[in-house]
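Me: I'm new to this one. Can you walk me through it?

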Amino acid sequence: MSDALDRLEARAEVLKLARVLGADPERFGFLRDVPTADIRKLREQVTDTLFDANLGALRRMAAASRLLPAAVLAGIAEKAFGPLLAARMAGLVDAGRGVEIAGRLSPAFLADVAAELDPRRAAHIVARLPTGTVTAVSGELRRREDWITLGRFVGQVPDEVAAVGLSVLDDLAVLRVAFLLDDKGKAGFLLGTLPESRYRGLVLAAHEHDLWYALFDLLARLDAQQHERLAPTAAELAPDVRATAAEQARELGLLDALGPLRDAFLS
């Protein structure tokens, strides 16, 4: 990974660490000079500490929950447990039971739970959720502009489930989620869920909302074949947009990582 990409990923990791700790990201600005892998490791350690606290009691509660009908347990979860406790327990129930309970919860509450979940522990449930549930929850997270939660799940669930969730996102949302992907190796997959007709919209969204860093973080992680497919769209952009794109990519230190896109923006 280039130093430029590592700096961008460190920026994203600081945002995600601050979210786990419930703090202002500016408090952790000093970490942007720390290797990305170390920030991620710290975030995972903090998450593990939070989720493993009172683990014995949580396991007993999860075991006792098997005695209750799913409808009753869903009501208890939404009215008594709340999203935080529900998220902690989600990783302790089997997939079938988890899906049954989730089917009786509102999309709004499921979005609350998703924001508190550790995707590593709950992926076995999320992967089996019906398409309608995934779409509804993704739409709710989109409405809340919870890009971090959406970005965390893309790399933790099967591609077909992630594609359903991504299908409800507009161009601006795609850029924000792409920047916060937990698994940056999914950048190509994320772009592949979009029809080529939307490529122009991604660049224009970056131009209009000053999200060049998110666009180039995404583009620099694509392979040569994807760069080739994007180049004609880039070449057809207005001259001022191409000039701004080239300038921003150069400032980020990523212009030479764009292959044929570099020539398209400079044309």
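**A first look around**

Me: What does Thr36 touch, leaving aside its neighbours within four places in sequence?
Reply: Thr36 is in contact with Asp6, Glu9, Ala10 and Glu13, leaving aside those neighbours. Keep in mind that this is a predicted model.

Me: Where is Thr36 found?
Reply: Thr36 is in helix H2, which covers residues 36-52.

Me: Is Thr36 buried or exposed?
Reply: Buried. The cut-off for buried is under 20% relative accessible area, and Thr36 has 5%, so Thr36 counts as buried.

Me: Which backbone atom does the side chain of Thr36 reach?
Reply: The backbone nitrogen of Ala10, at 3.4 Å.

Me: New topic. Where does Lys184 lie?
Reply: Lys184 is in the loop between helix H11 (171-179) and helix H12 (187-192).

Me: Buried or exposed, for Lys184?
Reply: Lys184 counts as buried, because its relative accessibility is 9%.

Me: And what is Lys184 in contact with, leaving aside its neighbours within four places?
Reply: Glu9, Ala178, Phe179, Asp217 and Arg221. A polar atom of the Lys184 side chain lies 3.3 Å from the backbone oxygen of Ala178.

Me: What about Glu236, buried or exposed?
Reply: Glu236 is exposed, with a relative accessible area of 67%. Glu236 sits in the loop between helix H15 (224-235) and helix H16 (239-252).

Me: How far apart are the C-alpha atoms of Glu236 and Arg200?
Reply: They are separated by 8.8 Å. Along the chain, Glu236 and Arg200 are 36 residues apart.

Me: Now the inside. Which residues touch the most other members in the largest nonpolar core?
Reply: Val177, Leu215, Phe216 and Phe265. That core has 84 residues. Its largest share, 8 residues, comes from helix H4 (residues 70-90).

Me: Which residues does a second, separate core include?
Reply: Ala10, Val14, Leu17 and Ala18 are among its 7 residues.

Me: Why would nonpolar side chains be buried together?
Reply: I can only give the general pattern: in soluble globular proteins, they tend to be.

Me: Back to Val177. What does Val177 touch, not counting residues up to four places away?
Reply: Trp147, Leu150, Gly151, Val154, Leu166, Leu169 and Leu190.

Definitions and conventions
Residues are numbered from 1 along each chain as its sequence is written. This is a predicted model: local features need pLDDT of at least 70, side-chain atom pairs count only at pLDDT 80 or more; totals for chains, interfaces and linings use all residues. Side-chain values use heavy atoms; hydrogens and water are left out. Helices (H or I, at least four residues) and strands (E, at least two) are DSSP runs, numbered from the N terminus. Buried means under 20% relative accessible area, exposed over 50%, partly exposed in between (1.4 Å probe, protein chains only). A polar contact is a pair of N or O atoms within 3.5 Å; within protein, one must be able to donate a hydrogen and the other to accept it, and residues adjacent in sequence count only if both atoms are side-chain atoms. Contact means heavy atoms within 4.5 Å. A nonpolar core is a set of buried Ala, Val, Leu, Ile, Met, Phe, Trp, Tyr and Cys residues joined through side-chain atoms within 4.5 Å.
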